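Biologist: Could you put the model up so that we can go through it together? I have a few quick questions.

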Amino acid sequence: METTANQAIKPVILKTITGYEFLNYDEIIRIEADRKVIFVYTITRDKPLKVFSNLLAVESLLSMPAFYRCHRSHIVNMRHIKGFLVKSRQLVMINGNEIPISEDRIREFKEKFIPGNKFSRKAIA
């Protein structure tokens, strides 16, 4: 198995309709699925990159711990989160996008990524 340092150097290779795109892990802000089309939002492009695949296949390419699947149709790069909206249960990304966290992942998210906090079911509801 490769180390995290090697993965940071090795790009993510995604197949598009015109060919292949090579992206650095840190370049990816978030990934969104809409049926069989994946939209990859990056810090270097104004428009998302369109990939014809499924989210599970793309998720398998993102073996770095910085990526978190917060919803059935969203993966976020934890390094590009600007904030967390408690009431609406959404992550605010550096590009201003607000990404939902699914009901079944909210507790895990809070326990993993909000340091020093323990949340009970009552606090999450």
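Biologist: Where does Tyr20 sit?
Modeller: Tyr20 lies in strand E2, strands here being DSSP runs of at least two residues and helices (H or I) runs of at least four, numbered from the N terminus. This is a predicted model, in which local features need pLDDT of at least 70 and side-chain atom pairs count only at pLDDT 80 or more, while totals for chains, interfaces and linings use all residues. Residues are numbered from 1 along each chain as its sequence is written, and side-chain values use heavy atoms, with hydrogens and water left out.

Biologist: Is Tyr20 buried or exposed?
Modeller: Tyr20 is exposed, with a relative accessible area of 54%, where exposed means over 50%, buried under 20% and partly exposed in between, using a 1.4 Å probe and protein chains only.

Biologist: And which residue stands opposite Tyr20?
Modeller: That is Lys15. Strand E1 (residues 12-15) and strand E2 (residues 20-23) run antiparallel and are joined by four bridges, at least two DSSP bridges being needed for a pair. E1 and E2 form a hairpin with four residues between them, and Gly19 in the turn has a positive phi of about 160°.

Biologist: Switching to the inside, which residues touch the most other members of the largest nonpolar core?
Modeller: Of its 17 residues, these are Leu14, Ile28, Ile31, Ile38, Val40, Leu62 and Phe67; such a core is a set of buried Ala, Val, Leu, Ile, Met, Phe, Trp, Tyr and Cys residues joined through side-chain atoms within 4.5 Å. The elements giving two or more residues to this core are E1, strand E3 (28-34), strand E4 (37-42), strand E5 (49-52) and helix H2 (55-61), and E3 gives the most, with three residues.

Biologist: What is Val40 in contact with?
Modeller: Leaving aside neighbours within four places in sequence, Val40 is in contact (heavy atoms within 4.5 Å) with Leu14, Leu23, Ile28, Arg30, Ile31, Pro48, Leu49 and Val51.

Biologist: Last topic, how many helices and strands does the protein have?
Modeller: The protein has four helices and ten strands, and of its 125 residues 39% count as buried.
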